[in-house]
Each structure stands twice: as structure tokens, then as C-alpha cells.
Amino acid sequence: MGHSIASCVSSIGFSAIRRMMIMAQEYDDVVTLGIGEPDMDTPEHVIRAAMDDALAGWTHYAHSQGDPELRQALSESLRANGRDVGPERIQITHGAMGALMAAMRTLLCDGGEVLTPEPHFPDYAAHVGFAGGRLATVRSRFEDGFIVRPEKLEAAVTGNTRMLLLNSPCNPTGAVLPAEVLDAVAEMAVRRDLFVVSDEVYDAMSFDGPAPSIFDRPGMAERCLVVNSFSKTYAMTGWRVGYCYGPDWLMRELIKVVSYSTASASTPGQRAGLAALRGPKEPFAAMVDEFSRRSHYVHDRLAAMPGLRVNRPQGSFYMFADVSGSGMDGRTFAEALLREEQVVVIPGETFGPSCGNFVRIACTVPMDRLEIAMDRMERFMKRHGEMA
Ligand code: PMP
């Protein structure tokens, strides 16, 4: 009997992020601007609370929907921000990844197309593909600050489109979708009867005031699922705790996917999440300030280098730089920068076919390392920038 790999798996490639990290192992003293997670460790009070709870017996399966205390705390925090979401409509998941996977399996199993702006988080293709759907993209442009134009989004809707997938603040561009764009997209979603998944894992990292959410627009209560996570906001990537909330009709079914695929999110991880929500907020606010400081510093340094173009940072900890002025595409640029100056950036092609001239830069190393990386990039651009 022959064995074969499911085409929805074999058709998905490994990401350029992984490839760059493997290549970087060949070099000493590399500054890695490739990593998509806060470099800060989880604050001690969170770790201690989770440890104490684990010692007190919180080591068993959690309820599939999630720890009731955690859902209650999340509901209170959402209500404090004007979103009337009861704990019964919140599902705790294995990271935001678990929420995305569960959402796609619950909504797409019979096929169907998901429309997302490009550049996009590369994993979306796998989340949609593994659920038997197809990811279609609409290009957003550097000149528009990578804010997708609603009319372009609508023009790409077909009879097979089931869902819009938004990510604001965005990985990899750092763009924050403004209220008027969200108004127009929400109005279109209602008119074209589309479901909306809003990936808001970077919502705490919005530098010019709170990032608006499509969830708060008219008509969204019945057709929008928000995906979020403790990973970035609380420097808790390794604890693997995320969550989602949406309409009753969806949450009632989505819990089956979580329950049968992962049983529940990690119990000590959820206790850590509770401690993060209930405890002091200062360490997390300081983290956001630090990402803002780093992003603006990197922006100013890159903008001053001939041959590079970058937008002003708005949120997350990523910059998406146009490197075409170096005469190289993003992949050639990233490989040459590693070879010549031992700095890792991620080729843009991994975020969509229209992104070949870009690289993603993550400000996830401390300021002194960022300064070294910028000095090295400046030297690199002095050698290559005059090709512009
Ligand atoms: N969505 C986006 C846009 C992300 O960048 C990431 C993490 N890189 C995730 C979801 C997944 O986050 P989690 O660690 O909560 O699974």
C-alpha cells in the first residue's frame, strides 16, 4: 500500500522565517531581527502565581471552554473597554493559533474562500488550507501605509467568499486599520453576507491610541469573531493561551473543535493568564513603551538610509521595508545582509507574492543590539544603496 501526504499539507511550504534562522546558525554574533515575539520574559508575579496554582493542584484538564475565572476576568476587561461580551461567549484556546484553527474548521469545512489583505501573517494559508478552504488575497500598498482599500476588498469578493480575515495592528506591516476603513469593510461584510475574523493579537501594541476594532461596528455582533492572545500583550508566547469571542451560534459549535482537537488550553497557562489580567499592569505598559521607542528609533534610522523606504510605525513591533532601492529583491537582500553583516531580517515574499521587494524587521532585541543592527545595515546600504 502506498502512503501519501494530504495535499492540503504537502501544498504548504516551510516559511522563510525558518529558513533564515537555519542559515543564521552558520554565523557568529548574529543580530536577529526575525523573531515575532517579545524578547522580555513573562513577569515574575505571573510565573509565581501560575507555579503556586500548579502546586495547589491546577494540573488537570481544564473545562473545554476554558477556566471559568479566566473567562470571567476576560469578560470584565472587555466590558471595561465597552464590549459587552459575557463569559459564555468566550472560548479559551491553545494560543491565537488554536483560535484561528478552530474558527476555520468550524466555518469552512465545506470549502470556501477566505479573503485577507496582503501582506499577511503567513500561517493564515495553513489555517485556511488545513480546514479545506482557500486563502485569497487583496494587495495593500506601501503608498497607502498598507491600509487595504475597502473597494478593492469588495472587488475581490466572489460567490465562494465566506469570510474576511483582518489583522490590525498587522504582522508584518505594523499598520493599524483606521475607523473609517473598518466602517466601510463592516458595511460591505453585512451587505455581502460575509463572516469576519479579526485577529487582534497586537491590539495592546498600538502606539497612537487604542486600535479600533471591526467588532464594534454595526452588524458585527452576529458575524464577527475576534481572535486574541496572551502571547504578545503579556510576553507569554510559551504558555500557549489565546482566546476568541463571537456570536452564540458560532461559539456553541466552535467548542466542539477545541474540545476534540486539544481538549483544553494548558491549565497552568490559563492560571498564568488570570494572574496577568488581575495583577499589576505596569510591566506590560512598560513593554509597549519600549516597543514604541524601538520601532520609532528603527524607523528613523532606516528612513535615513539611501535605498530604503519605510512607513511610520503605528503598532506591533514590526517594520516592513521596501529594499528595491538596493537593486536587490527581499530574499537576495536578506541573504546578503546575513552574509555580509550578520543581521537577520525576513524576506517579504513569505507574506505574499506581491511583497518580494520587502523585508520584515522585528524590533524584538534590546536597544543596544538594535543600535548595532542599524549600524551594520547602514554600512550595508552605503555599499549597496547607490545602485538606486
Ligand atoms: N496572529 C498573528 C498575526 C501573529 O503574529 C501570531 C504570532 N506570531 C499569532 C496570531 C499567533 O499567536 P499565539 O502565540 O497566540 O498562537
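Residues are numbered from 1 along the chain as its sequence is written. In this predicted model, local features need pLDDT of at least 70, side-chain atom pairs count only at pLDDT 80 or more, and totals for chains, interfaces and linings use all residues; side-chain values use heavy atoms, with hydrogens and water left out.

The chain is assigned two domains, with bounds from an automatic or database domain assignment. Domain 1 covers 12-41 + 282-385, and domain 2 covers 44-278. Their centres, taken over C-alpha atoms, lie 26 Å apart.

Contact (heavy atoms within 4.5 Å) links 34 residues of domain 1 with 36 residues of domain 2. The two domains bury about 2800 Å² between them. Buried area is the accessible area (1.4 Å probe) that two parts lose on being put together, summed over both. Carbon and sulfur atoms carry 64% of it. Phe284, Gln314 and Phe351 supply 23% of the area that domain 1 buries against domain 2, more than any other three residues.

Two salt bridges (a side-chain nitrogen of Lys or Arg within 4 Å of a carboxyl oxygen of Asp or Glu) connect domain 1 and domain 2. The side chains of Glu143 and Arg309 form a salt bridge at 3.3 Å, N to O.

On the side of domain 1 that touches domain 2, the elements giving two or more residues are α11 (282-303), β9 (318-322) and β12 (358-362). Helices (H or I, at least four residues) and strands (E, at least two) are DSSP runs, numbered from the N terminus. α11 gives the most to this side, with eight residues.
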